Amino acid sequence: MAQKPKVDPHVGRLGYLQALVTEFQETESQDAKEQVLANLANFAYDPSNYQYLRQLQVVDLFLDSLSEENETLVEFAIGGLCNLCSDRTNKDHILQAGGIPLITNCLSSPNEETVLSAVTTLMYLSSPGASSHPELTSTPVVQCMLRFSLSANTRLRNLAQIFLEDYCSPSQVAEARSWQAHSAMGIPLPRTEAPQQP
């Protein structure tokens, strides 16, 4: 049985990721862009890839993709950020690059997975209790979480409740409730898939 040639795994992995980034930047095909971004988001799940993804500026690629009109690209980009932001260095980069408004914009997406990833990403970016980035728990974000906490979607409802309990002060929640009582409209809830039969 023939053996595979021995390749330095670090060089191999970096080279492969570089090829993905190059393909994303050069392709005209939306399908190819979606597939490449999905692959990069999956690689972002593995901490051993963080150094390479930072070197290739994939965090910025994900942030830039949040402004795309293509909902699938946005879904994969926020999923990639969600996978990356448990790491301190990645988290700091997202915060310093002005990522919070881009991420909070995803809360109004009609795509359920995009919204779930956005809520989770905000939780990773926040520190329980007092936050050095007050925009993570600004009144509109807290209002949005209050609305999500009433969702029929169990995953969204539970995430929103955890966010409100662990990342917001009681006074922030009370203020958001009082503002909500005076506003006519909130952020719409995402479309939900048909409930799956057990």
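**Inside the helices**

Reader: Which residues of helix 9 are buried?

Author: In helix 9, the buried residues are Val141, Val142, Gln143, Cys144, Met145, Leu146 and Phe148. Buried means under 20% relative accessible area, exposed over 50% and partly exposed in between, with a 1.4 Å probe and protein chains only.

Reader: How many of the residues of helix 9 is that?

Author: Seven of the 10 residues in helix 9 (residues 139-148) are buried, so this helix is largely enclosed by the rest of the structure.

Reader: Where does this model come from, and how are residues numbered?

Author: This is a predicted model, in which local features need pLDDT of at least 70, side-chain atom pairs count only at pLDDT 80 or more, and totals for chains, interfaces and linings use all residues. Numbering runs from 1 along each chain as its sequence is written, and side-chain values use heavy atoms, leaving out hydrogens and water.

Reader: What is the mean pLDDT?

Author: The protein has a mean pLDDT (the predictor's confidence in each residue, from 0 to 100) of 87, with 82% of its residues at 70 or more.

Reader: In which helix is confidence highest, and in which is it lowest?

Author: Confidence is highest in helix 5 (residues 71-84), with a mean of 98, and lowest in helix 11 (residues 170-182), with a mean of 84. Over residues 1-8, pLDDT stays under 50, and the model has one contact there beyond four places in sequence. Contact means heavy atoms within 4.5 Å.

Reader: How many helices and strands are there?

Author: The protein has 11 helices and zero strands. Both are DSSP runs numbered from the N terminus: helices are H or I with at least four residues, and strands are E with at least two. Of the 198 residues in the protein, 43% are buried. Among contacts between residues at least 6 apart in sequence, 69% join residues at least 24 apart.

Reader: Turning to packing, at what angle do helix 2 and helix 5 pack?

Author: Their angle is about 15°, and their axes are 8 Å apart. That makes helix 2 roughly parallel to helix 5. Axes are lines fitted to C-alpha atoms, for helices over the stretch in contact, and angles between N-to-C directions run from 0 to 180 degrees. Angles under 35 degrees count as roughly parallel, over 145 as roughly antiparallel, 65 to 115 as roughly perpendicular and the rest as oblique.

Reader: Which residues meet there?

Author: Helix 2 brings Gln30, Lys33, Glu34, Leu37, Ala38 and Ala41 against Thr72, Leu73, Phe76, Ala77, Gly79, Gly80 and Asn83 of helix 5. By class, the contact of helix 2 with helix 5 has six nonpolar, five polar and two charged residues. Ala, Val, Leu, Ile, Met, Phe, Trp, Tyr, Cys and Pro count as nonpolar, Asp, Glu, Lys and Arg as charged, and the others, Gly among them, as polar.

Reader: And what about helix 2 and helix 4: at what angle do their axes cross?

Author: The axes of helix 2 (residues 30-43) and helix 4 (residues 58-65) cross at roughly 130° and come within 11 Å. That makes helix 2 oblique to helix 4. The contact is made by Leu37, Leu40 and Ala41 from helix 2, with Val58, Leu61, Phe62 and Ser65 from helix 4. By class, this contact has six nonpolar, one polar and no charged residues.

Reader: How does helix 4 pack with helix 6?

Author: Helix 4 packs with helix 6 (residues 88-96) at an angle of about 45°, with the axes 10 Å apart. That makes helix 4 oblique to helix 6. Val59, Asp60 and Leu63 of helix 4 make the contact with Asn90, His93 and Ile94 of helix 6. Three nonpolar, two polar and one charged residues form this contact of helix 4 with helix 6.

Reader: Now for single residues. Is Tyr50 buried or exposed?

Author: Tyr50, in helix 3 (residues 50-55), counts as buried at 7% relative accessibility. Setting aside residues up to four places away in sequence, Tyr50 touches Ala44, Tyr45, Asn83, Leu84, Ser86, Asp87 and Asn90. The C-alpha atoms of Tyr50 and Thr89 are separated by 9.1 Å, although these residues are 39 apart along the chain.

Reader: What does Thr121 touch?

Author: Thr121 touches Ile78, Leu81, Cys82, Cys85 and Ile103, not counting residues up to four places away in sequence. Thr121 lies in helix 8 (residues 112-125) and is buried, at 0% relative accessibility.

Reader: Where does Thr104 lie?

Author: Thr104 is in helix 7 (residues 99-105), and it is buried with a relative accessible area of 19%. Beyond its neighbours within four places in sequence, Thr104 is in contact with Leu122 and Val141. Val141 is one of the buried residues of helix 9.
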